[in-house]
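Work through the exercises below with the sequence and the model at hand. Each task is followed by a solution in steps.

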Amino acid sequence: MAKAPTDVVQRIQSHPQYQALRRKRNRFGWTLTVLMLAVYYGYIGLIAFDKPFLARAIGSGVTSIGIPIGLGVIVFTILITLLYIRRANGEYDRETAQILKDATQ
């Protein structure tokens, strides 16, 4: 006899491993969010409050310091996204599969 969907959902939600996974995933997500906000708003803060610093030329060229810092913000965003994807597709998916297996047995 098949289990009712609500029964499976309740078993998943009450599973101790699921609770631990939720806490771990939320903590990791909020950590990355805070890092991203700090980097992004730090850059915006530099634009707003220290334009002379960002306008300083690098060497004798026309490129200012603001350009590599802005590119750094973009690269940082890509890196933390890749970090989250790697963890989600690896560790979190494995744990989710195990929880689902336990709950549907």
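**Exercise 1.** In this predicted model, how many salt bridges are there, and which residues form them?

Solution. The count comes to three salt bridges. Take K24 and E91: their closest N and O atoms are 2.8 Å apart. K24 belongs to helix α2 and E91 to helix α4, so this pair ties together parts 67 residues apart in sequence. Next, E95 pairs with K24, with the closest N and O atoms at 2.6 Å. Here too distant parts of the chain are linked, E95 in α4 and K24 in α2 being 71 residues apart. Finally, R87 bridges to E91 at 3.6 Å between the closest N and O atoms. Through shared partners, K24, R87, E91 and E95 form one network.

**Exercise 2.** Classify K24, R87, E91 and E95 as buried or partly exposed.

Solution. The cut-off for buried is under 20% relative accessible area. K24 has 24% and is partly exposed. E91, with 25%, is partly exposed, and so is R87, with 30%. E95 has 17%, which means that E95 is buried.

How values were computed:
Residues numbered from 1 in each chain as written. Predicted model: local features only at pLDDT ≥ 70, side-chain atom pairs only at ≥ 80, totals over all residues. Heavy atoms only, no water. Salt bridge = Lys/Arg side-chain N within 4 Å of Asp/Glu carboxyl O. Helix = DSSP H or I, 4+ residues; strand = E, 2+ residues; numbered from the N terminus. Buried < 20%, exposed > 50% of the residue type's maximum accessible area, 1.4 Å probe, protein only.
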